[in-house]
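Thanks for coming, everyone. Please bring up the model and keep it in view while I talk.

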Amino acid sequence: MRILIAEDEAKAQRYLAQGLRENGCSVEAVGDGREALALARMHAFDVIVLDVMLPVLDGWSVLRALRDAGVRTPVIFLTARDHVEDRVRGLDLGADDYLVKPFAFAELLARLRNLARRTAPAQDFGPIEIGDLVLDPLRHSVVRAGTPLKLTAKEYTLLLLLARHRGQVLSRTLIAEAVWGICFETQTNVVDVLLRRLRAKLDAPFGAPLLHTVRGVGYRLDSTPDEHA
Ligand code: CA
């Protein structure tokens, strides 16, 4: 599970990040709201753990901006204040859950597991269209410009992952975890090899590329040209 933590108290941030890493999560941690918003818009996370009281941009503003931008990543609010109106405000803005500080780490883990269970099935509906690419998860079919593509199971899994996060940059680590289900050494080129094979089938015969390499960061699937290259 890939998690973004936005928490400005250094000690709490370290504690959360370390605890989640020890439980097998990959973690990005930031200390202010603007950084959190920028990362959450650019990269795909499974969950965002968002402190309400953050410098520069508070947690409410971050959540509102994310939802306005169409980013549906589940959010757990951390609030130091056990006020009903705070919780209601957070839930109204589209937060998925909240925790009142101080909380037991085990409770955060339980909420994360629960959230992952609740949100996962929602991704499984309907065909995904990106430019002239149509991917139908129910039929397991991939068609580009009217031509059916024959993909291996791994190539298909990778394409589906990228398609579900269209426009967002996915790191090699995230791709490796999602496609193979385990943590890979960051040095490995197994992801690049798979990407090359997918690109040969998905893009090479069709001209305009959908699969974009973002140097030093990862990969992105989109019908619009590179903005990060
Ligand atoms: Ca804070």
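Is S171 buried or exposed? S171 is buried, with a relative accessible area of 14%. Buried means under 20% relative accessible area, exposed means over 50%, and partly exposed is in between, using a 1.4 Å probe and protein chains only.

A word on the source. This is a predicted model, where local features need pLDDT of at least 70, side-chain atom pairs count only at pLDDT 80 or more, and totals for chains, interfaces and linings use all residues. Residues are numbered from 1 along each chain as its sequence is written, and side-chain values use heavy atoms, with hydrogens and water left out.

Back to S171. It sits in strand β10, residues 170-171. Leaving aside neighbours within four places in sequence, S171 is in contact with R2, V217 and G218. Contact means heavy atoms within 4.5 Å.

Now the whole chain. Its secondary structure comes to eight helices and twelve strands. These are DSSP runs, numbered from the N terminus: helices are H or I with at least four residues, strands are E with at least two. Of the 229 residues, 44% are buried. Among contacts with a separation of 6 or more, 57% join residues 24 or more positions apart.

Take L162: beyond its neighbours within four places in sequence, its contacts are L170, L198, L211, Y219, R220 and L221.

Last stop, a helix pair. How do α7 and α8 pack? Helix α7 (residues 172-180) and helix α8 (residues 190-202) meet at an angle of about 80°, with axes 9 Å apart. So α7 is roughly perpendicular to α8, a label for angles of 65 to 115 degrees. From α7 come R172, I175, A176, V179 and W180; from α8 come V190, V191, D192, L194 and L195. That contact divides into eight nonpolar residues, no polar and two charged.

Conventions
Axes are lines fitted to C-alpha atoms, for helices over the stretch in contact, and angles run from 0 to 180 degrees between N-to-C directions. Angles under 35 degrees count as roughly parallel, over 145 as roughly antiparallel, 65 to 115 as roughly perpendicular and the rest as oblique. Ala, Val, Leu, Ile, Met, Phe, Trp, Tyr, Cys and Pro count as nonpolar, Asp, Glu, Lys and Arg as charged, and the others, Gly among them, as polar.
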